[in-house]
Amino acid sequence: MQALRDEMALRDQTREMENARPALPKGEYRERVEPLALKQVKIAILTQSAFDAILMLPDGSRKFGRELQLLGAVKRVMDEAGGILDTPETGPAAIAAETEAIELLLQAKRQSPDGGGGGGGNPGGGGGAAASAVAADSGEEEAVASA
């Protein structure tokens, strides 16, 4: 899931920029944050493309309704994060928005429209990155993985 990897890398870059902020002149800080805002816009466009591709699948909106809802929410949060970065701001608000987008992408990746899977012993108790790293057998999830 390229959007997930890109968003995680962007969040790391945002954190690095926030840490470097005190040592940078205001103009230089602005110049260095601008590419981060542009990256956020590109990731949001990639997410929208995945959303559109799912809609074009036969019965895509029916089979992937939950994923489409999540991707729609991801796009909105990414737009918000892009606006925050564009101000320029790399502090807690930007990092929180990027983190929310990551969490929503993980949910979209984790969900299987066919149900499947067993009842885990840790409902809602974490395991996010490890659980999302498990490859799915379903070809339907590959459509979401392109997000």
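In the predicted model, the count of salt bridges comes to 6. Three of the residues concerned, Glu18, Arg21 and Glu89, are linked in a network of such bridges.

In helix 1, Arg15 and Asp12 are 3 residues apart, about one turn of the helix, and their salt bridge has a separation of 4.0 Å between the closest N and O atoms. Arg15 is partly exposed, its relative accessibility being 35%, and Asp12 is also partly exposed, with a relative accessible area of 39%. In helix 4, which spans residues 65–86, Lys75 and Asp79 are 4 residues apart, again about one turn of the helix; their side chains meet in a salt bridge with an N to O distance of 2.9 Å. For Asp79 the relative accessible area is 42%, so that this residue is partly exposed.

As regards confidence, the chain averages a pLDDT of 82, and 75% of the residues score at least 70. Among the elements of the chain, helix 1 (residues 2–20) has the highest mean pLDDT, 97, whereas the lowest, 32, belongs to helix 6 (residues 128–132). Over residues 115–147 the pLDDT is below 50, and this stretch has 33 contacts in the model beyond near neighbours in sequence. Where pLDDT is low, predicted coordinates should not be read in detail.

Methods:
Residues numbered from 1 in each chain as written. Predicted model: local features only at pLDDT ≥ 70, side-chain atom pairs only at ≥ 80, totals over all residues. Heavy atoms only, no water. pLDDT = per-residue confidence, 0-100. Helix = DSSP H or I, 4+ residues; strand = E, 2+ residues; numbered from the N terminus. Contact = heavy atoms within 4.5 Å. Buried < 20%, exposed > 50% of the residue type's maximum accessible area, 1.4 Å probe, protein only.
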